[in-house]
Amino acid sequence: MQDFPEYELAGIETIARGICVQDGKVLLCRAKGGATTYLPGGHIEFGEKGCEALAREMREEMGVDASVGAMVGVVENQFVQHGKPHAEINLVYSMSVPDGTAAKAQEDWIDFEWRDVEDLDSANLLPAEMKPLVTAALCGGVFAGK
């Protein structure tokens, strides 16, 4: 029998994600060859705060020391994965990476990209409820000066 992480066995994943904006572009992630994008981040491990998980995931996946700011919202999502109903709760934070950071992944299965803020529709950002949260965060001044 294959060992699965506890969060997959529970059927509900708790994920920390970051909205990172530089020079009018939002940092997005996608599985290599995938048609959809999502905000960078990853699973929160037991005993870890969401902001700590996001910083750790950025070190692991992108090789950068991200600064994690305030929580900007929560997005719930339900979907089918491997033929079974699944759910996730996304804790979404403001986040910054050092200026000039290249969109380079440290792991073989993902790619990062900087996408124009005005181009989120064509990015196919999932879950769908994430786009209004990103837009509200940008309009609400969470990223003033960026």
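**Figure 1. Accessible surface and overall fold of the predicted model.** The accessible surface of the protein comes to about 8,100 Å², and carbon and sulfur atoms account for 52% of that area. The protein has 146 residues, of which 42% are buried. Its secondary structure consists of 3 helices and 6 strands, arranged along the sequence as α-β-β-β-α-β-β-β-α. Of the contacts between residues at least 6 apart in sequence, 67% join residues at least 24 apart.

**Figure 2. Close-up of strand 1 (residues 12-22) and the strands that pair with it.** Strand 1 is largely enclosed by the rest of the structure, because 9 of its 11 residues are buried. With strand 5, strand 1 pairs in the parallel sense over 9 bridges; here T14 has I89 as its bridge partner in strand 5. Strand 3 (residues 41-43) runs antiparallel to strand 1 and is joined to it by 3 bridges, with A16 standing opposite G42 of strand 3. Strand 2 (residues 25-31) pairs with strand 1 in the antiparallel sense over 2 bridges, and V21 has V26 as its bridge partner in strand 2. The hairpin of strand 1 and strand 2 has 2 residues between the strands, and D23 in this hairpin takes a positive phi near 50°.

**Figure 3. Close-up of the hairpin of strand 4 and strand 5.** Strand 4 (residues 67-81) and strand 5 (residues 84-96) run antiparallel and are joined by 12 bridges. The hairpin has 2 residues between the strands, and H82 takes a positive phi near 55°. M71 is found in strand 4, and its bridge partner in strand 5 is Y93.

**Figure 4. Close-up of a nonpolar patch on the surface.** The patch is formed by I12, M71, V74 and I89, which together have about 330 Å² of accessible area. M71 has a relative accessibility of 43%, so this residue counts as partly exposed. I89, another member of the patch, is the bridge partner of T14 in strand 5.

Figure 5. Leaving aside neighbours within four places in sequence, M58 is in contact with L27, P40, G63, V64, A66, M95 and V97.

**Figure 6. Close-up of salt bridges at E113.** Side chains of opposite charge can pair when their charged atoms come close. The whole structure has 9 salt bridges. In one of them the side chains of E113 and R30 meet, at 3.1 Å from N to O. This pair links distant parts of the chain, with E113 in strand 6 and R30 in strand 2, 83 residues apart. E113 has a relative accessible area of 19% and is therefore buried. R30 also counts as buried, because its relative accessibility is 14%. E113 forms a salt bridge with R115 as well, with the closest N and O atoms 2.8 Å apart. R115 is buried, with a relative accessible area of 14%.

**Figure 7. Close-up of the salt bridge between R56 and E45 and of the network that includes them.** The closest N and O atoms of R56 and E45 are 3.6 Å apart in this salt bridge. R56 lies in helix 2 and E45 in the loop between strand 3 and helix 2, so the pair ties together parts that are 11 residues apart in sequence. R56 is buried, with a relative accessible area of 12%, whereas E45 counts as partly exposed at 46% relative accessibility. Salt bridges that share partners join E45, E48, R56, E57 and E60 into one network.

Technical notes. Residues numbered from 1 in each chain as written. Predicted model: local features only at pLDDT ≥ 70, side-chain atom pairs only at ≥ 80, totals over all residues. Heavy atoms only, no water. Pairing = 2+ DSSP bridges. Helix = DSSP H or I, 4+ residues; strand = E, 2+ residues; numbered from the N terminus. Patch = residues over 30% accessible without salt bridge, like charges linked within 9 Å, V, L, I, M, F, W, Y side chains within 5 Å. Areas by Shrake-Rupley, 256 points an atom, 1.4 Å probe, with all protein chains shown as cover. Salt bridge = Lys/Arg side-chain N within 4 Å of Asp/Glu carboxyl O. Buried < 20%, exposed > 50% of the residue type's maximum accessible area, 1.4 Å probe, protein only. Contact = heavy atoms within 4.5 Å.
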